[in-house]
Amino acid sequence: MLAQRSWRTGANGTPHPDECKRPSPPPQVLEKMRTAEVAPNARTYEGFLDACRQEKQGRRAVRLMQEYQRSGLPPCPGVYSAAVRACATSGDAWARALRYHEEAADLGLALSAEAEAAVLAGHAWRGGWETAAAALRAM
């Protein structure tokens, strides 16, 4: 039986790449969750951290990551990847991006290619290609 195909799916029935993108939740959603006593999970934190990346809100990403780490949820590669990307793309949280990158490595978490690329790009932008090359060798 052939998979049903539409303009939003590929030939094999898989979702179109645009369908895979999750919209980033606005900040007030987290506050509404707290008010309703709904505990955020790792996917929730990942979405909020991605919103911080999109809005270049590094300090907010750091606060969210601190909250995540205190929440008792197990370490998650997606959350750490989102935190690294959010902090690396925001000029005011570069040191935290490096810290989260190192923490993820210490925890044995494999970060996304996008997070690794954000770290390399940050090294290249801040210290030139030699620093980026040294970081790549260390990965």
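## Tyrosine 68

In this predicted model, Tyr68 touches Ala42, Tyr45, Leu73, Pro74, Pro75, Cys76, Val79 and Tyr80, leaving aside residues up to four places away in sequence. Tyr68 is also among the residues with the most contacts inside the largest nonpolar core.

## The H3–H4 pair

Tyr68 is one of the H4 residues that meet H3. Helix H3 covers residues 42-55 and helix H4 covers residues 58-70. Their axes come within 9 Å and cross at roughly 170 degrees. Angles over 145 degrees count as roughly antiparallel, so H3 is roughly antiparallel to H4.

From H3, the contact uses Ala42, Tyr45, Phe48, Leu49 and Cys52. From H4 come Arg60, Ala61, Leu64, Met65, Glu67 and Tyr68. By class, that is 9 nonpolar residues, 2 charged and no polar.

## Helix H5

H5 is mostly covered, with 10 of its 12 residues buried. The buried set is Gly78, Val79, Tyr80, Ser81, Ala82, Ala83, Val84, Ala86, Cys87 and Ala88. Two of these, Val79 and Tyr80, are touched by Tyr68.

## The nonpolar core

The largest nonpolar core holds 31 residues. Those with the most contacts inside it are Leu49, Met65, Tyr68, Val79, Tyr80, Cys87 and Tyr100. Two or more residues come from each of H2 (27-35), H3, H4, H5, H6 (94-107) and H7 (113-138). H5 gives the most, with 8 residues.

Definitions and conventions: Residues are numbered from 1 along each chain as its sequence is written. This is a predicted model: local features need pLDDT of at least 70, side-chain atom pairs count only at pLDDT 80 or more; totals for chains, interfaces and linings use all residues. Side-chain values use heavy atoms; hydrogens and water are left out. Axes are lines fitted to C-alpha atoms, for helices over the stretch in contact, and angles run from 0 to 180 degrees between N-to-C directions. Helices (H or I, at least four residues) and strands (E, at least two) are DSSP runs, numbered from the N terminus. Angles under 35 degrees count as roughly parallel, over 145 as roughly antiparallel, 65 to 115 as roughly perpendicular and the rest as oblique. Contact means heavy atoms within 4.5 Å. Ala, Val, Leu, Ile, Met, Phe, Trp, Tyr, Cys and Pro count as nonpolar, Asp, Glu, Lys and Arg as charged, and the others, Gly among them, as polar. Buried means under 20% relative accessible area, exposed over 50%, partly exposed in between (1.4 Å probe, protein chains only). A nonpolar core is a set of buried Ala, Val, Leu, Ile, Met, Phe, Trp, Tyr and Cys residues joined through side-chain atoms within 4.5 Å.
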